[in-house]
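Please read the points below with the model open beside you, and look up each residue as it comes up.

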Amino acid sequence: MFQSMASSTYTKAVFPSSTRSASTSLASLTTKNPFLRVSSLSGSRCASCYCQRACASVVNVTSVLKTADSKSSSATSSKDLSPHGSKPTILVSEKLGEAGLQLLREVGEVECAYDLSPEQLCNKISSCDALIVRSATKVTRQVFEASKGRLKVVGRAGVGIDNVDLQAATEYGCLVVNAPTANTIAAAEHGIALLAAMARNVAQADASIKAGKWQRNKYVGVSMVGKTLAVMGFGKVGSEVARRAKGLGMNVIAHDPYAPADRARAVGVELVSFENAIAAADFISLHMPLTATTKKIFNDATFAKMKKGVRIINVARGGVIDEDALVKALDAGTVAQAALDVFAEEPPPKDSKLVKHENVTVTPHLGASTKEAQEGVAIEIAEAVVGALRGELSATAVNAPMVAPEVVSELAPYVLLAEKLGRLAVQLVSGGKGIKAVKVVYRSARGHDDLDTRLLRAMITKGIIEPISNSIVNIVNADFTAKEKGLRISEERIVVDSSPELPLDSIQVQISNVESKFASAVKVNGEISIEGKVKDGMPHLTCVGSFGVDVSLEGNLILCRQIDQPGMIGRVGNILADHNVNVSFMSVGRTSRGKMAIMAIGVDEEPNKVALENIGSVSAIEEFVFLKL
């Protein structure tokens with residue numbers, strides 16, 4: 001989504017964006033939708049709670065995740081922390097700082113067992129109440145199956161949780177927590193260290209001298225002062241890198257769709273679009289999460305848009321770079337140098353052309369490897385794990401139940417609608433200043449006290465934030481995450497004359513103070529606005545800007561603004577048919593006959609570039625946008 005948020009004037013442009021799809025039945029909602037949870041009570045399965053992944057055994061979860069309605073929970077003795085009536089057993093499978101280990105020993109029996117094979121981990125886990133890992137240990141479904149329900153919390157000593165099977169964790173009633181803040185400074189410092197080492201050929205010159213050579217002319221470097229550094233991802237680490245680069249005399253720009261412009265200005269950084277950032281940069285420092293949208297976002301096409309001789313630093317995630325494309329760009333001189341701390345595969349293959357390239361400086365994922373950071377991470381994750389064993393909820397929890405079963409059951413169809421509206425809305429945004437304010441309008445026949453919207457607000461937040469962030473959003477952390485991102489979400493409830501048996505008539509999502517890729521989605525007040533309803537259990541898009549439409553929100557969606565004239569549906573339909581793209585739904589909304597109209601087309605497949613270009617070449621179509629649901 002970083003790239004799809006690029007700003008420009010859009011006429012007949014194509015703006016693909018990646019999101020996750022979900023089906024619409026209640027059963028599939030509870031198994032596929034990342035916010036609903038299926039619970040098992042006495043062998044039956046029912047909608048019971050709300051969390052990051054589908055899960056089971058609400059009894060086990062609630063025994064761990066009490067709401068801590070009194071301060072006495074924090075004073076619970078260690079012997080009460082384990083469901084087995086003794087001190088809990090905590091397995092630490094990778095090295096953890098002594099300060100964190102000491103905290104854990106105060107409440108449980110701690111076993112440190114490093115370099116376990118998957119089989120050894122599965123053999124041990126059935127006697128453990130908590131497991132703490134870093135990035136090397138893979139906490140797979142087999143681990144949770146082997147735990148037989150005993151494992152209550154997995155603590156990831158770091159930010160990323162891609163090595164933990166979240167769906168399996170929640171199915172087995174296991175809370176997952178991480179430590180997202182302690183590594184920030186260490187990672188930023190390592191980014192600056194790589195930038196300077198690369199610019200001055202430190203590693204290559206060191207190796208040359210140790211090989212008995214003296215090659216001063218070969219290792220002439222480049223100055224950093226006055227050069228433009230593009231920080232891709234202006235979160236905690238990215239902003240710290242920017243501060244330090246400013247101190248080196250660099251001109252710093254940044255791209256991040258969520259970074260508040262005032263926070264960037266305070267650092268002396270200009271927020272720009274993705275395209276502008278990569279085109280203007282002499283150095284590019286990557287600090288974006290690895291998501292479906294950002295995977296291999298730096299590829300052949302991206303490198304072709306950069307200045308010849310650009311230099312790239314990556315201390316984020318290896319998968320955001322297409323490594324084969326980077327090798328080609330290095331060989332062609334498009335990219336002069338690269339400094340990499342992370343790789344798509346870790347450790348990288350011994351015969352990796354990228355690692356062996358003479359213009360590449362590499363380190364073995366050392367971003368968080370300072371003594372201070374290691375101790376900070378150890379303390380942060382230990383506190384989160386201990387809190388979870390005591391029944392406390394943490395803002396770093398990435399899955400947890402909160403909503404009553406009857407609320408989930410009633411709101412199930414609207415949950416999917418809410419998330420898809422959020423995902424659609426964020427795909428319609430462009431520009432470099434980011435999203436600050438979102439308003440959600442609920443229309444219902446019920447009074448304010450008879451409609452719990454926490455679940456829906458969290459799902460809209462999830463739909464907006466997750467596609468372009470490494471944040472995992474659920475009802476526990478939705479408001480916290482939105483606040484952390486500088487995103488203010490307000491709600492309005494309007495009483496309408498509809499059936500009181502239904503919780504909602506419609507949901508409307510409005511985003512203000514942003515530019516749009518699709519001008520027709522902007523109402524006269526300047527806000528991007530989309531609205532949807534549930535019809536026959538299915539989420540439908542019913543309004544885009546001021547245009548009424550009616551299209552089922554499944555598969556993919558094409559929105560076209562066109563001159564209202566005969567034959568438009570057939571022309572676009574024929575283009576799609578020629579490229580084997582099946583149309584599932586089509587709806588046209590217009591202001592008046594012969595004027596402007598919006599055509600909303602649901603398609604099962606993603607049209608190829610030629611198909612989209614052909615749609616854009618239709619003279620009556622003034623703008624269009626392709627969206628993934």
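Which residues are buried in helix 19?

1. In helix 19, the buried residues are Met568, Val572, Gly573, Ile575 and Leu576, where buried means under 20% relative accessible area, exposed means over 50%, and partly exposed lies in between (1.4 Å probe, protein chains only). They lie on the same side of helix 19, because they cover an arc of only 155° around the axis, the arc being that of the directions from the helix axis to the C-beta atoms. Helices (H or I, at least four residues) and strands (E, at least two) are DSSP runs, numbered from the N terminus. An α-helix has 3.6 residues a turn, so residues three or four places apart point the same way.

2. The buried residues of helix 19 pack against strand 23 (556-563), strand 24 (583-590), strand 25 (596-603), helix 20 (609-616) and strand 26 (621-628). Asp578, which belongs to helix 19 (residues 568-578), is exposed with a relative accessible area of 64%. The C-alpha atoms of Asp578 and Ala611 are separated by 8.3 Å, although these residues are 33 residues apart along the chain. Just after helix 19, Asn580 takes a positive phi of about 60°.

3. Before going further, please note that this is a predicted model, in which local features need pLDDT of at least 70 and side-chain atom pairs count only at pLDDT 80 or more, while totals for chains, interfaces and linings use all residues. Residues are numbered from 1 along each chain as its sequence is written, and side-chain values use heavy atoms, with hydrogens and water left out. The protein averages a pLDDT of 83, and 83% of the residues score at least 70, pLDDT being the predictor's confidence in each residue, from 0 to 100. Over residues 1-80, however, the pLDDT is below 50, and this stretch has 250 contacts in the model beyond near neighbours in sequence; contact means heavy atoms within 4.5 Å.

4. As for the whole protein, there are 20 helices and 26 strands, and buried residues make up 55% of the 629 residues. Of the contacts with a separation of 6 or more, 68% are between residues 24 or more positions apart.

5. Consider next Gly158, which is placed in the loop between strand 6 (153-156) and helix 6 (166-171) and is buried, with a relative accessible area of 1%. Leaving out residues up to four places away in sequence, Gly158 touches Asn178, Ala179, Pro180, Asn183 and Val377. Asn178, in turn, is in strand 7 (residues 175-178) and is buried at a relative accessible area of 8%. Beyond its neighbours within four places in sequence, Asn178 is in contact with residues including Arg156, Gly158 and Thr396.

6. Two backbone details deserve a careful look. A cis peptide bond, with omega about -5°, joins Glu346 and Pro347, and Pro347 lies in the loop between strand 13 (335-340) and helix 14 (353-356). Asp536, a residue other than glycine, has a positive phi near 55°; Asp536 is in the loop between strand 20 (528-535) and strand 21 (538-544), and counts as exposed at 81% relative accessibility.

7. Finally, how many cavities of 30 Å³ or more does a search of the whole structure find? The search finds one, where a cavity is a set of points, on a 1 Å grid over the protein atoms alone, at which a 1.4 Å probe fits but cannot get out, and lining residues have an atom within 4 Å of a point. About 40 Å³ of space lies in the largest cavity, a volume being the space filled by probe spheres set on the points, with grid points joined across faces, edges and corners. Among the residues that line the largest cavity are Asn314, Glu323 and Phe343.

Conventions:
1 Å grid on protein atoms, 1.4 Å probe; cavity = no way out; pocket = protein on both sides within 12 Å on 5 of 7 lines; lining within 4 Å.
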